[in-house]
Amino acid sequence: MAGHSHFHKLIKIKNSEKEEVLANYRSSLSEFENVAEQLYSFMKKKEDLMAVQQGKLSTGMSIYEMRHQQTFISNLEQTIMYYQQLVIRARNKMQFAQDKLIEKNIEVKKYETLQEKIYQETLETTKLIENKYMDEISVQQYINQGFRVMK
């Protein structure tokens with residue numbers, strides 16, 4: 001049973017490591033979602049601005065206003081490209097954290113399986129020892145009864 005206790009401590013340590021990795025994964029997932037939402041917001045802003053510009057082009061707009069909107073759209077495109085890179089980095093970080101989490105889950109499961117196997121082997125050994133003692137007790141009782149009959 002001492003081995004069982006050691007595995008329990010080891011599993012407890014591995015579970016705490018897994019929880020740490022899980023917290024890291026959740027953090028990276030949250031970061032990815034935030035950056036992706038910001039990217040979507042900028043893309044939506046560009047789309048809306050282009051729709052407004054298209055509408056104004058059909059009704060007429062000044063060259064100054066057209067330049068101003070083109071500059072703004074150009075700046076939005078640069079911001080979108082920047083956020084696309086951030087999304088890629090955040091996705092990679094999240095994927096890495098997810099892979100580590102899967103690895104830790106597998107590791108914990110292996111130790112739990114090993115602990116269960118040792119526990120079952122210990123139970124079987126205990127049962128064999130108990131059966132052996134029961135057999136010895138039965139033999140002793142049989143011998144004792146044989147002596148009583150002979151007396």
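Mentor: Happy to; we'll go through salt bridges, aromatic rings, a loop and a surface patch.

Trainee: Before we start, what sort of model is this?

Mentor: It is a predicted model, so keep that in mind as we go.

Trainee: Okay, salt bridges. How many are there?

Mentor: The count comes to nine salt bridges. As background, side chains of opposite charge can pair when their charged atoms come close.

Trainee: Let's take K44. Which residue does the K44 side chain meet in a salt bridge at 4.0 Å?

Mentor: That one is E47, with 4.0 Å from N to O. K44 and E47 are three residues apart in helix 1, which covers residues 2-59, so about one helical turn separates them.

Trainee: And what is the spacing between D48 and K44?

Mentor: D48 and K44 are four residues apart in helix 1, again about one turn of the helix. They form a salt bridge too, and the closest N and O atoms are 3.6 Å apart.

Trainee: How accessible are K44 and D48?

Mentor: K44 has 33% relative accessibility, so it counts as partly exposed. D48 is partly exposed as well, at 38%.

Trainee: What about K56, which residue does it bridge to?

Mentor: K56 pairs with E65, and their closest N and O atoms are 2.6 Å apart. K56 is partly exposed at 28% relative accessibility, and E65 is partly exposed at 27%.

Trainee: Which residues are linked in a network of salt bridges?

Mentor: You'll find K14, E17, K104 and E107 linked that way.

Trainee: Switching to aromatics. How many aromatic pairs does the structure hold?

Mentor: There are two aromatic pairs. In one of them, F42 and Y83 sit 5.2 Å apart centre to centre, with 40 degrees between the planes, so the pair is tilted.

Trainee: Where do F42 and Y83 lie?

Mentor: F42 is in helix 1 and Y83 is in helix 2, so this pair ties together parts that are 41 residues apart in sequence.

Trainee: Is Y83 buried or exposed?

Mentor: Y83 is buried, because its relative accessibility is 15% and the buried class is under 20%.

Trainee: And how are the rings of Y82 and Y83 arranged?

Mentor: Their centres are 5.5 Å apart and their planes are at 90 degrees, so that pair is edge-to-face. Taken together, ring pairs link F42, Y82 and Y83 into a cluster.

Trainee: Now the loop. Where is G60 found?

Mentor: G60 is in the loop between helix 1 and helix 2. With 48% relative accessibility, G60 counts as partly exposed.

Trainee: Last topic, the surface. Which residues form a nonpolar patch there?

Mentor: V139, Y142 and I143 do, and together they have about 310 Å² of accessible area.

Trainee: Where does Y142 lie?

Mentor: Y142 belongs to helix 2, residues 63-150.

Trainee: And why does Y142 count as exposed?

Mentor: Because its relative accessible area is 63%, and exposed means over 50%.

Terms used. Residues numbered from 1 in each chain as written. Predicted model: local features only at pLDDT ≥ 70, side-chain atom pairs only at ≥ 80, totals over all residues. Heavy atoms only, no water. Patch = residues over 30% accessible without salt bridge, like charges linked within 9 Å, V, L, I, M, F, W, Y side chains within 5 Å. Areas by Shrake-Rupley, 256 points an atom, 1.4 Å probe, with all protein chains shown as cover. Helix = DSSP H or I, 4+ residues; strand = E, 2+ residues; numbered from the N terminus. Buried < 20%, exposed > 50% of the residue type's maximum accessible area, 1.4 Å probe, protein only. Phe/Tyr/Trp six-rings, centres within 6.5 Å; stacked < 30°, edge-to-face > 60°.
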